[in-house]
There are 2 protein chains.
Amino acid sequence: MTADERLAQPATADIDLVTVLHALGDPVRMRLLLSYADGAEHSCDPRDLGLDHLHKSTVSHHMRVLREAGVTTTRVAGRNRFVSLRRADLDARFPGLLDALLAAAGAPA
Amino acid sequence: MTADERLAQPATADIDLVTVLHALGDPVRMRLLLSYADGAEHSCDPRDLGLDHLHKSTVSHHMRVLREAGVTTTRVAGRNRFVSLRRADLDARFPGLLDALLAAAGAPA
DNA sequence: GCAACCGTTTGATGCTCGTCAAACAATTGA
DNA sequence: TCAATTGTTTGACGAGCATCAAACGGTTGC
């Protein structure tokens, strides 16, 4: 048994706008964002994310880009990783941006 | 004498979110966006845009990316090109997004 | 006309990126 | 202990991108 930990991620104040936009300027990562928009934690399994066509290592790469940009956070629990949106941090750093992005991307309100 | 014309650009309904984010996920183009945030028309001269360090052909390339993404519009008048933000079109397509982006980027209100 | 001007286009170069495959690491279940 | 599970890392490959330099194309002014 091991205490839950989180993978490395930037501090809220260090989240960079251009880096976030670059991370979201890719169709796969935008789809991931929409998956995470429900606020819940998600596993890394491509099949749980509507990404059957992609190799698991590719999905892992995209999740790393999102995490290092400050968009998501990853909790490690045993052999599973649970990824979720850093909604509060993003709202604090860039007020209104995430809501506008999700609305623009057609996320359910 | 020739009537003013505009360079090719996508229709408002065809502006794609991921394409816009990809266009803005670059420091040079983000700086251009901030220059255009005043709503005025701007020439393509790198020196008018705080981009002294870049070759004019590089700036031309970045302006093309912004235009083809639907972020800017370019009016042709003689040998000059006047570039400006498609603020109304972007607001119509993605309500609130541009304001949130400009605020996040530190544009003057 | 002709030269200067404004910006685009093309070609070349080096870097980054998205993808897959295979190897690896850590954890869990039998 | 051993095998299956979950996800990461590394290496390789092709595509795309940012940049510069040089050539080009309209336009304007002389």
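Start in the sheet of chain B: select Arg6(B), and in S2(B) you will find its bridge partner, Arg75(B). Helices (H or I, at least four residues) and strands (E, at least two) are DSSP runs, numbered from the N terminus, and two strands count as paired if DSSP finds at least two bridges between them.

Before going further, some housekeeping: this is a predicted model, where local features need pLDDT of at least 70, side-chain atom pairs count only at pLDDT 80 or more, and totals for chains, interfaces and linings use all residues. Residues are numbered from 1 along each chain as its sequence is written, while chains are lettered from A and ligands numbered from 1 in the order in which they are written.

**Stop 1: the sheet of chain B**

Residues 5-6 of chain B are strand S1, and they pair with strand S2 (residues 72-77) in the antiparallel sense over two bridges. Thr72(B) has Leu85(B) as its bridge partner in S3(B). At the turn, the hairpin of S2(B) and S3(B) has two residues between the strands, and Gly78(B) takes a positive phi near 60°.

**Stop 2**

Click Glu5(A), then look in S2(A) for its bridge partner, Val76(A); two bridges join S1(A) to S2(A). On the other pairing, S2 (residues 72-77) and S3 (residues 80-85) of chain A run antiparallel over six bridges. One of the pairs to show is Arg75(A) with Phe82(A), its bridge partner in S3(A). In this hairpin, with two residues between S2(A) and S3(A), Gly78(A) takes a positive phi near 65°.

**Stop 2: where the chains meet**

Show both chains together. How many residues of chain A are in contact with chain B? Select them and you get 18, in contact with 18 residues of chain B; contact here is C-beta atoms, placed from the backbone, within 7 Å. H1, helix H2 (27-36) and helix H5 (97-104) of chain A each supply at least two residues of this side. By class, the side of chain A that touches chain B has 14 nonpolar, three polar and one charged residues. For the classes, Ala, Val, Leu, Ile, Met, Phe, Trp, Tyr, Cys and Pro count as nonpolar, Asp, Glu, Lys and Arg as charged, and the others, Gly among them, as polar.

Now try superposing the copies (least squares on the C-alpha atoms of residues with pLDDT of at least 70 in both). Chain A can be laid on chain B with an RMSD of 0.0 Å by a turn of 180° and a shift of 0.0 Å along the axis. The two copies are thus related as by a two-fold rotation axis. The same surface serves both copies, with 100% of the contact residues of chain A recurring in chain B.

**Stop 3: Leu24(A)**

Select Leu24(A) and its contacts. Leaving out residues up to four places away in sequence, Leu24(A) touches Arg29(A), Met30(A), Leu33(A), Leu101(A) and, across in the other chain, Leu21(B).

**Stop 4: the DNA**

Last, bring up DNA strand C. The residues surrounding it number 25, and the closest are Ser57(A), Gly78(A), Cys44(B), Ser57(B) and Ser60(B); a residue is near a strand if its C-beta atom, placed from the backbone, lies within 6 Å of it. H3(B) gives the most to this surface, with six residues. The surface divides into five nonpolar, 13 polar and seven charged residues.

Switch to DNA strand D: of the 25 residues around it, Ser57(A), Ser60(A), His55(B), Ser57(B) and Gly78(B) come nearest. Here the largest share of the surface, six residues, comes from H3(A).

Key
Contact = placed C-beta atoms within 7 Å.
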